[in-house]
Structures are given as C-alpha cells and as structure tokens.
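Welcome! Please take a moment with the sequence and the 3D view before reading on.

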Amino acid sequence: MRDVVVIGGGLTGLSAAYELSQHELDVTLIEVKRQLGGSIQTIQQENSILDAAAFAIRDSLDSNWLESLELSDAMFPLKDNVMAFKAGTGSLIAALQSKISATRLMRMAVSSIGELKGGGYSICMENGLMFDAKALILAVPARYAERMFYGYINDITAQLLDYHYDTLLRVSLVCKTKDLPVRISTPPDMAYSFIHRTEHPARVPDGYTLLQFGMRIDPKRLSSDDGMVKFLCEGFRLPKPLTSHVAHWSEADPVSCYDDEHKARIGAIRDKLPEGIKLVGSDYCLDMPAKQGVAHLDERIQQGIEAARQVIGS
C-alpha cells in the first residue's frame, strides 16, 4: 500500500508532493492532464515570456522556500507588494517538478475514492484501475472533488455542489511602448477586471511593454482569439501587438468564494473529512484577493505543505 497519493498536479498538489519528498515515503502523484501545473503555464513567443494565468503575484512567498527551489533571484517587483517571475510563473512549476521524487501517473482521471475495510483508502480510476493508500491529498477543483466524494461522503458532495464559477479570459499583448496611450483608459462598456504591465527586459524585448488583461466576457461573443485581441485593441485604443495570447480558464475565479457562506462551507467540509484525507487548492482558500488579478500563490502553496505535514504526522 502506498503511503500517500496526491490527486492533482497543480501548484498546491506539487507543493504537497515536494514537502512529502523530504521524507522516505512511497508517494504517487496523479494528474489528468498532459502536463503539471494546472492553469499555470508560461508561453514564449517573439522573444517575450507570457503567462497564461497567474502573472502578478502577492509579495509574500516564503524566501527560504524559494531558496530551497533555487529561485531566490527569480522574481522582480511589478508594483507595490506585487511581484512577477522573470522567466514566467511556469518556472516555479518547473522547479517543483525537478525536486519531486513521487511516482507520476499522467493523463489519469480519478472517478471515485473510498475507505478500505482493513484501513486506508481506495482510488478508482476511470480506466478501471484501482490504487490504495494510507492517506490522500486531493488538490483538485470543487467540481471534480464533488464527483470523487459522491456515494462516499454525501455531505461533502452537497457542499461542493454549491460552487459556481465565472469565466475569466487572460489576454496578454506585447506592444511597442512608444505607441501605447499615456494612460490606458477603460471603455465604458468593456467588462474587465484588471490590467497588469511590465517592461522588464527578462519578459519583453527592449522598447516593448507586456500587458495582461483579465476580461469577464462571454467567449461566445467572439469567433476567435484573434477576434478577442482585435476587440481589445480597438476598445482600449492599443497598437497592433508584436505577439499575443488568449487563455480561457472557466475555473479561474470561483465566485462562490466571495459568498458570505464560503468560510462556513469550508468549515463544514473539513469537519466531514476523514483524518487521512485532505482537500486543498485555490477553491478552498479563505483569504480572498484584495486586488483583482493578483494571485495569492502563498496560500495555495501553504495549503499543500500543511496537508503533507498533517498526513505525515497522522
């Protein structure tokens, strides 16, 4: 029987796996996608480094933890109390991957979990395989966790069904700095959440500016990513970009986390969890962003670390 199975290879799951790798344990990491990192992906185009999701990050990552990943000098100030990674946020994922010793099962989907009569937990895969473990760390969005708990702990399933999401499009543009408006003013009917920008030489060629927009707009209104870029440039009166990228993340913003009942919901879920199962990730954060578009990666990382420490100590 495995000591720990971590389900979900996003930032929180990787942080848990990294913490577990400091101990002599039999750990398996299961990820449904082709790559690790979840929504955190970095793209290189036209000598520019673009982030598909988290770009602006709260200046609160633990310096000792970053040093352990050899990332002490990996970030630069973006604005007050906000940082960004020189090589893109994907560099954090790459560093974690390089330090993790867990067995990795990629492109593997979990259908359900349960308890074993002799102790420990079962993990049933959609392809019919079954694994067992002494402890589980579920680092997955609420809608996937709901399915896993269905038929096992229905009270948790009921709480997770209340989660709802808002579509957020992150659009990155690299434009000539001299051609940008002195002030980027917001069109009156443009639904956007945030704009971040940098001219850091590690991210864009000399004379260019990287802009990342967070847009709340129904993607069905636009026929293509090119249409989205054109719509954005016309609305904000921006020049034709050197390069661009549109990332669609339907789970980028779990708006249920802003509900008054969110903390009570998380408490109810945690009260029902067996001692050997931890449920972690951005959907279960209690500290809501004060600034739109500024990622609280520190809380997601800490959730993974604490979950790992709890299962080690149990």
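Here is a short tour of the cores, a helix and one serine.

This is a predicted model, where local features need pLDDT of at least 70, side-chain atom pairs count only at pLDDT 80 or more, and totals for chains, interfaces and linings use all residues. Residues are numbered from 1 along each chain as its sequence is written, and side-chain values use heavy atoms, leaving out hydrogens and water.

Let's begin with the nonpolar cores (sets of buried Ala, Val, Leu, Ile, Met, Phe, Trp, Tyr and Cys residues joined through side-chain atoms within 4.5 Å; buried means under 20% relative accessible area, with a 1.4 Å probe and protein chains only).

| Core | Size | Residues include |
|---|---|---|
| Largest nonpolar core | 40 residues | Trp65, Leu92, Ile137 and Leu297 |
| Another core, apart from it | 28 residues | Val110, Ile113, Met148 and Ile153 |

In the largest core, Trp65, Leu92, Ile137 and Leu297 have the most contacts inside it. Beyond its neighbours within four places in sequence, Leu92 is in contact (heavy atoms within 4.5 Å) with Leu11, Trp65, Leu69, Leu71, Phe85, Leu297 and Ile301.

Ala142, Ala145, Glu146, Met148 and Phe149 are its buried residues. Viewed down the axis of helix 4, they fall within an arc of 165° (taken from the directions from the axis to the C-beta atoms), so they line one face of the helix. They pack against strand 1, strand 9, strand 11, helix 5 and strand 16.

Finally, Ser48 sits in strand 4 and is buried, at 1% relative accessible area.

Key
Buried < 20%, exposed > 50% of the residue type's maximum accessible area, 1.4 Å probe, protein only. Helix = DSSP H or I, 4+ residues; strand = E, 2+ residues; numbered from the N terminus.
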